[in-house]
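Subject: Structure handover

Hello,

Please find the structure below. Notes on what was found in it follow.

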Amino acid sequence: MGKRDDLIAKYADDLKNKCDITPDMDLLTKVTIGCGPAIYNADASTVASSQPDEIATVKNNFLIKKLGLKDSADLDTAIDSVLETYGKSERNKYRAVVYYMLTKHFKKESIYG
């Protein structure tokens, strides 16, 4: 297994054990690949949920640009919901896991078709 496969396994473990979600491994793999080289960077691979700039990045770069959603209060609510599910006290919120949950929340799996 390569480094990316190890990371995908780690993300799947987080979804199962921290979020109580059984992951769709095919979708999780595609979301992880979609994150690009950020998954290999310690800082970029996680979402700093306490930083407003970081939340804006998730909203603008992922939800609006990648998933094609319109800017609305629903986006902020969804981000809050996903971070709550992941656990506010959880120090490492992996970007691929957050993006996966947001993709499922908005039923945008077809983006990764």
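**Helix H1**

H1 has 15 residues, and the distance from its first C-alpha to its last is 21 Å, close to the 21 Å expected at 1.5 Å a residue; the expected span is 1.5 Å times one less than the number of residues. Helices (H or I, at least four residues) and strands (E, at least two) are DSSP runs, numbered from the N terminus.

This is a predicted model, in which local features need pLDDT of at least 70 and side-chain atom pairs count only at pLDDT 80 or more, while totals for chains, interfaces and linings use all residues. Residues are numbered from 1 along each chain as its sequence is written, and side-chain values use heavy atoms, with hydrogens and water left out.

Leu-7, Ile-8, Tyr-11, Ala-12, Asp-14 and Leu-15 are the buried residues of H1. Buried means under 20% relative accessible area, exposed over 50%, and partly exposed in between (1.4 Å probe, protein chains only). Seen down the axis of H1, these buried residues fall within an arc of 155°, so they line one face of the helix; the arc is that of the directions from the helix axis to the C-beta atoms. An α-helix has 3.6 residues a turn, so residues three or four places apart point the same way. Lys-3 and Asn-17 are exposed, on the face of H1 turned away from its buried side. The cover over the buried residues of H1 includes helix H2 (25-34), H4 and H5, with contact meaning heavy atoms within 4.5 Å.

**Aromatic pairs**

Rings of Phe, Tyr and Trp (its six-membered ring) pair if their centres lie within 6.5 Å; planes under 30 degrees apart count as stacked, over 60 as edge-to-face and the rest as tilted. The count is two aromatic pairs. In the Tyr-11 and Tyr-94 pair, the ring centres are 5.3 Å apart and the planes are at 45°, so the pair is tilted. Tyr-11 lies in helix H1 (residues 3-17) and Tyr-94 in the loop between helix H4 (73-86) and helix H5 (95-105), so this pair ties together parts 83 residues apart in sequence. Both Tyr-11 and Tyr-94 are buried.

Phe-62 and Tyr-99 form a stacked pair, 3.9 Å centre to centre with 10° between the planes. Phe-62 is in helix H3 (residues 52-66) and Tyr-99 in helix H5, so the pair ties together parts 37 residues apart in sequence. Phe-62 is buried, at a relative accessible area of 3%, and Tyr-99 is buried at 9%.
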